[in-house]
Amino acid sequence: GLPARVRIHEVGARDGLQNEKGTVPTEVKAEFIRRLADAGLTTIEATSFVHPKWVPQLADAEQLFPLVAGLPVELPVLVPNERGLDRALALGARRVAVFASATESFAKANLNRTVDEALAMFEPVVARAKADGAQVRGYVSMCFGDPWEGQVPIAQVVRVCRALMDLGCDELSLGDTIGVATPGHVLELLASLNEQRVPTSALGVHFHDTYGQALANTLAALQHGVTTVDASAGGLGGCPYAKSATGNLATEDLVWMLRGLGIDTGVDLGRLVATSVWMAGQLGRPSPSRTVRALSHE
Ligand code: HMG
Ligand code: MG
């Protein structure tokens with residue numbers, strides 16, 4: 001059966017904007033997040049406290065976070081290491097995310113570490129965040145395929161997921177960073193994780209839509225019992241350190257499907273579409289989301 005309710009983890013302001021070529025003004029980012037909250041999204045990933053040279057698009061995290069911190073929503077932020085955690089906690093962040101990789105190639109490209117060195121880097125981050133009462137999400141990238149290594153063995157993904165759970169992560173997000181997954185592969189991974197004592201209740205899914213499979217993959221995950229789905233308003237997104245990564249599953253496409261299935265999300269689709277149309281205007285190009293286009297009569 002399908003869940004009665006799905007929690008959307010909105011990543012447009014982070015995953016979406018980290019990949020923009022031009023600089024988006026801090027006030028535009030803040031307004032984007034305010035509008036997303038006004039559209040009914042309750043978990044809005046705001047930014048990353050990473051090295052500003054690695055992701056210059058999010059170098060304004062210190063300026064942005066205080067502008068939105070008063071909103072009545074959860075505002076998770078990415079923190080790769082203790083330096084990032086210090087910066088996030090100093091601003092009052094209550095939800096942080098570390099981000100691991102299932103493959104060595106991407107761990108090196110994205111974190112300048114091996115997979116195990118990255119896990120070692122996260123250990124004190126998770127421990128200190130938990131001790132501070134913050135919630136911790138653990139991303140796992142390249143769960144289905146990797147641009148350098150091709151298909152990724154499931155056992156390799158499960159090992160990293162298990163390690164993040166053992167560090168104390170409250171939830172995991174399974175990343176299809178380059179959007180190559182198909183539904184059977186998703187179900188196979190979810191079943192393997194359950195066998196290794198990673199409960200479905202701790203799992204979210206994070207599909208990029210490169211091959212147009214994100215919605216089908218999401219439906220498969222929902223049928224397996226997953227209730228947390230990452231999506232990005234207007235389908236913004238990508239990863240500067242993974243060639244061939246395109247935008248995430250568009251939040252509007254997700255909400256349209258869930259609404260049709262009678263699954264509650266609390267999101268006002270009209271307001272969300274208006275937000276993505278406004279953001280597309282700021283970025284100077286139309287949203288790739290089919291639902292945004294259909295509902296805005298572009
Ligand atoms: P490094 O060069 O190995 O850093 O980068 P380091 O640990 O050697 O430190 C070098 C200098 O950087 C030091 O300064 C540190 O203090 C400073 P110095 O002592 O030389 O003056 N530094 C920092 N400054 C500010 N904030 C920090 C920080 N950390 C170190 N947090 C590092 C290692 C992890 C920092 C770097 O690789 C990095 O920032 N990577 C982030 C990459 C990134 O953000 N990628 C995108 C997010 S992941 C993603 O999009 C995938 C996802 O969507 C899921 C999916 O789709 O699969 C989540
Ligand atoms: Mg991503």
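Trainee: Which residue in strand 9 stands opposite arginine 137?
Mentor: Arginine 137 stands opposite glutamate 171 in strand 9, where helices (H or I, at least four residues) and strands (E, at least two) are DSSP runs numbered from the N terminus. This is a predicted model, in which local features need pLDDT of at least 70 and side-chain atom pairs count only at pLDDT 80 or more, while totals for chains, interfaces and linings use all residues. Residues are numbered from 1 along each chain as its sequence is written, and chains are lettered from A and ligands numbered from 1 in the order in which they are written.

Trainee: In what sense do strand 6 and strand 9 pair, and over how many bridges?
Mentor: The two pair in the parallel sense over four bridges, and strands are said to pair if DSSP finds at least two bridges between them. Strand 9 is also joined to strand 10 (residues 203-207), again running parallel, by five bridges, and there leucine 172 stands opposite leucine 203.

Trainee: Why is strand 9 described as largely enclosed?
Mentor: Because five of its six residues, in the stretch 171-176, are buried; a residue is buried if 20 or more other C-beta atoms lie within 10 Å of its own, exposed if 12 or fewer, and partly exposed in between, with C-beta atoms placed from the backbone.

Trainee: Zooming out, what order do the strands of the open sheet take?
Mentor: The sheet has nine strands in the order 2-1-11-10-9-6-5-4-3, with parallel pairing. Strand 2 (43-44) and strand 3 (47-48) stand at its edges with a single partner strand each, so one side of each is left without a neighbour in the sheet. Strand 3 pairs with strand 4 (residues 77-78) over two bridges in the parallel sense, and threonine 47 stands opposite valine 77 there.

Trainee: Switching to the ligand, how many residues surround ligand 1?
Mentor: There are 26, and the closest are Val50, Gly84, Ser141, Gly175 and Thr177; a residue is near a molecule if its C-beta atom, placed from the backbone, lies within 6 Å of it.

Trainee: Which element supplies the largest share of that shell?
Mentor: Helix 4 does, with three residues, and the elements that each supply at least two are helix 4 (82-90), helix 5 (104-111) and strand 6 (135-141).

Trainee: How many of the shell residues are nonpolar, polar and charged?
Mentor: The shell around ligand 1 divides into 11 nonpolar, 12 polar and three charged residues, on a scheme in which Ala, Val, Leu, Ile, Met, Phe, Trp, Tyr, Cys and Pro count as nonpolar, Asp, Glu, Lys and Arg as charged, and the others, Gly among them, as polar.

Trainee: How many residues are in the largest nonpolar core?
Mentor: That core has 90 residues, and Val96, Ala100 and Val140 have the most contacts inside it; a nonpolar core is a set of buried Ala, Val, Leu, Ile, Met, Phe, Trp, Tyr and Cys residues joined through C-beta atoms within 7 Å. Helix 6 (residues 115-131) gives the most to this core, namely seven residues.

Trainee: What is valine 96 in contact with?
Mentor: Setting aside neighbours within four places in sequence, the contacts of valine 96 include Pro76, Val77, Leu85, Ala129 and Val136, where two residues are in contact if their C-beta atoms, placed from the backbone, lie within 7 Å.

Trainee: Backbone check now: what phi does methionine 142 have?
Mentor: Phi of methionine 142 is near 60°, a positive value in a residue other than glycine. Methionine 142 is in the loop between strand 6 and strand 7 (145-146), and counts as buried because 28 other C-beta atoms lie within 10 Å.

Trainee: How about asparagine 112, what is its phi?
Mentor: Asparagine 112, also not a glycine, has a positive phi of about 60° and sits in the loop between helix 5 and helix 6. With 14 C-beta neighbours inside 10 Å, asparagine 112 counts as partly exposed.

Trainee: Last one, which residues of helix 9 are buried?
Mentor: In helix 9 (residues 214-224) they are Ala214, Asn217, Thr218, Ala220, Ala221 and Leu222, and what covers them includes strand 9, helix 8 and strand 10. Just after helix 9, glycine 225 takes a positive phi of about 115°.
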